[in-house]
Amino acid sequence: MSSPSKQRPWEGQITNQVYSQIAKEEYSEACQLLKDLLRRKPRCQAGQSLLGFCSYQRGDYQAAADSYAALLQLCPENRQYRQDFAKAQLKAGQSEEAAITAGAISSHRPGADLLQLCIKFALNDIPGCRQLLDSPAVSPLDACTAAGCLLYSEGNYIEAHGKFAEAAAICTLRPQLIYAMGLCCYQEKQYGAALALAAEIIEHGVREHPELGIGSTAKGQANVRRIPNSPVLQESALIEAFNLKAAVELHMGNVNAAQSALQDMPPRAEADLDPVTLHNLALAASEEDAAGCFSRLHHLLTSSCFPAEAFSNLLLLYCSPQHALYDAAADLMAQNPDLVEHSISKELLQFLDACMLKQRLPDAAFEKFEELSSKQLEGLHKLVKDLQVARLSRDELAIRKAILAYGAALEIFIPVLMAQAHISWEMEDYCQAESLLEQCSDVCQDHGVWRCNLAHATFMQDGKTAEAMDLYAPLIEKADASDGLLQVTAISIANLCAAYILDGQNDKAEAIMHSVEEEERHALLKDPEASSLHLCIINLVIGTLYCSRGLWDFGLSCMLKCLEPNERKLDEDTWFYTRNCLLSLLDGLAKRACSIKEETRAELMHFLQHVQEVPTCLIGPSATETTWSSISCESQQLLQVFRCIQTM
């Protein structure tokens with residue numbers, strides 16, 4: 001029998017391979033070799049230690065924690081293993097367990113106080129954190145950074161920004177500190193500054209770390225090498241910077257820009273994606289792939305560590321008018337009572353309850369929204385007074401804080417007001433919807449969503465074309481002068497053009513449509529895969545307008561022409577307007593209230609037959625539907641009804 005102290009030849013080969021892979025930062029491959037070694041020799045201390053290190057470096061913190069737990073079984077008195085175990089537990093989201101493990105570590109050990117500080121921060125023990133900030137074992141840089149984190153967690157973003165800037169001045173360029181400042185800018189609604197800081201991190205990464213393959217996925221390179229979650233990648237803060245950029249773009253409604261930011265990240269395998277990236281990928285795809293978005297968010301909720309916003313965002317998506325999956329929201333809340341208690345504010349819970357009630361008891365939901373919005377409106381008026389006091393005292397910090405608080409409160413209030421007005425909209429009581437929105441003009445007059453929805457409610461009422469134009473026009477002019485008309489919702493532009501036509505100002509409508517056409521042409525030249533259907537939707541709305549005035553042949557001809565080629569122009573949105581107009585036509589034909597020329601009828605039948613052969617997207621489910629449909633299926637049903645009416 002060979003001596004235990006002697007290393008077997010195969011062990012020596014594995015050791016050489018492992019250290020070679022660690023030097024190359026190939027931690028996944030090293031982990032696989034070490035697992036093979038430990039299957040043959042389960043009590044190998046060196047192998048278990050290396051596996052813990054490699055797992056930690058590749059971001060698999062649970063596996064690292066398991067390795068260090070096994071090491072402590074072998075060497076219960078080893079303080080370094082205990083400290084590493086606590087770090088891995090903390091990173092794996094096991095804060096309470098990490099606190100117990102770290103409790104047995106002497107504060108005299110290097111890094112012990114900083115570890116305790118991080119654990120207390122994760123446990124939201126703010127007083128305990130403040131006590132440790134003065135510890136001589138914590139460096140000035142770490143103390144300053146930690147102070148910034150504490151201020152950020154308390155919602156003091158302006159002071160936190162100052163602390164992170166102070167920490168950045170102590171050391172040479174640290175991307176993580178720049179990211180922290182960018183995050184503060186995001187919370188302060190300084191989106192331009194946040195994007196600039198994210199760009200600084202990205203430019204530094206491109207310059208210093210070409211091996212990370214930034215933008216290689218977006219460039220369409222074949223066989224892109226996947227980047228592991230290495231210390232270099234973590235220290236570069238590139239993932240955080242791209243996520244920050246995506247969050248800003250999503251908040252500003254630039255979904256395509258957000259998707260581009262996420263695509264430009266260093267390419268990683270799906271299994272290596274962090275929870276924040278998975279969360280943002282889901283949100284960025286919510287419009288074009290709702291089912292995939294829901295699936296990603298559900299998957300996140302089953303993991304041990306996920307963004308706090310994931311649960312509330314999934315509920316809000318379920319309860320949005322676009323999806324109206326109220327039963328799914330109720331089931332999700334029933335399945336996760338702990339998350340409901342700890343992750344959702346009282347106001348958000350009231351809002352969600354009202355949303356879920358809307359489908360069954362709209363009047364009761366309306367009252368709940370009224371109660372909640374009245375309370376929030378009162379809070380907004382109080383914040384306006386606070387802002388006035390701050391301005392009178394000329395306290396710049398107090399003014400900035402008051403503006404920030406007001407902006408945050410307004411962003412919470414707007415969805416409540418819109419949900420309440422939506423009930424009136426669904427009942428086709430556009431006058432009541434307009435009245436509700438106008439009651440809040442003193443606090444909402446500069447908010448784009450409020451103005452846009454007020455314009456919609458006004459436009460839907462007869463005799464209010466001029467008022468609708470006055471509301472829509474500033475939105476279009478502002479976009480035309482800054483980000484372009486394609487950043488405005490297509491229906492807003494379409495309604496303004498329709499209003500101009502109703503008012504006899506066809507030249508203004510044509511000028512807007514020409515600008516949209518030019519922007520779409522430039523977007524297509526820049527990206528041949530880009531898809532913008534603004535002009536198509538504008539023409540569909542105008543065609544519908546002519547149909548509503550009894551000019552069915554001309555209106556239908558306009559609509560069918562703008563949908564060519566069907567392969568590119570048909571999607572859920574364009575089909576919505578087309579289908580609704582065709583249903584109105586069928587209703588009129590069945591009642592003998594209207595008629596169309598034989599030429600138009602033939603053109604329409606040909607269109608519906610062709611659409612059945614075009615690969616198109618799924619539609620639904622909605623508040624009144626529980627199953628998915630498709631454009632092809634619905635066009636077939638419409639064609640059958642047309643044929644039935646022909647035989648009448």
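**Close-up views of a predicted model**

**View 1. Arginine 130 is partly exposed, with a relative accessible area of 36%.** Here, buried means under 20% relative accessible area, exposed means over 50%, and partly exposed is in between, with a 1.4 Å probe and protein chains only. This is a predicted model, in which local features need pLDDT of at least 70 and side-chain atom pairs count only at pLDDT 80 or more, while totals for chains, interfaces and linings use all residues. Residues are numbered from 1 along each chain as its sequence is written, and side-chain values use heavy atoms, with hydrogens and water left out. Arginine 130 forms a salt bridge with glutamate 154, with 2.9 Å between the closest N and O atoms. The pair links distant parts of the chain: arginine 130 sits in helix H8 (residues 126-133), and glutamate 154, 24 residues apart from it, sits in the loop between helix H9 (140-153) and helix H10 (157-170). Helices (H or I, at least four residues) and strands (E, at least two) are DSSP runs, numbered from the N terminus. Glutamate 154 is partly exposed too, at 37% relative accessibility.

**View 2. Arginine 207 and glutamate 208 form a salt bridge.** The term stands for a side-chain nitrogen of Lys or Arg within 4 Å of a carboxyl oxygen of Asp or Glu, and the structure holds 17 of them. In this pair the closest N and O atoms are 3.7 Å apart. Arginine 207 is exposed, at 55% relative accessible area, whereas glutamate 208 is partly exposed, at 44%.

View 3. Lysine 382 is exposed, with a relative accessible area of 53%, while aspartate 386 is partly exposed, at 33%.

**View 4. Glutamate 97 lies in helix H6 (residues 95-102).** Its relative accessible area of 39% makes glutamate 97 partly exposed. Alanine 86 is 11 residues apart from glutamate 97 in sequence, and their C-alpha atoms are 7.8 Å apart in space.

**View 5. A patch of negative charge on the surface gathers Glu287, Glu288, Asp289, Glu572 and Asp573.** Patches are made of residues with over 30% relative accessible area and no salt bridge, with like charges joined within 9 Å and nonpolar side chains (Val, Leu, Ile, Met, Phe, Trp, Tyr) within 5 Å. Glutamate 572 lies in helix H33 (residues 572-590) and is partly exposed, at 39% relative accessible area.

**View 6. The largest nonpolar core has 46 residues.** Such a core is a set of buried Ala, Val, Leu, Ile, Met, Phe, Trp, Tyr and Cys residues joined through side-chain atoms within 4.5 Å. Within this core, Phe413, Cys444 and Ile493 touch the most other members. The elements that give two or more residues to this core include H22, helix H23 (396-426), helix H28 (490-502) and helix H30 (534-548). H28 gives the most, with nine residues.

**View 7. For orientation, the protein has 35 helices and two strands.** The C-alpha trace spans about 100 × 70 × 45 Å along its principal axes. Of the 648 residues in the protein, 46% are buried.

Technical notes. Areas by Shrake-Rupley, 256 points an atom, 1.4 Å probe, with all protein chains shown as cover. Lys, Arg positive; Asp, Glu negative; His and termini not counted. Charge placed at Lys NZ, Arg CZ, Asp CG, Glu CD.
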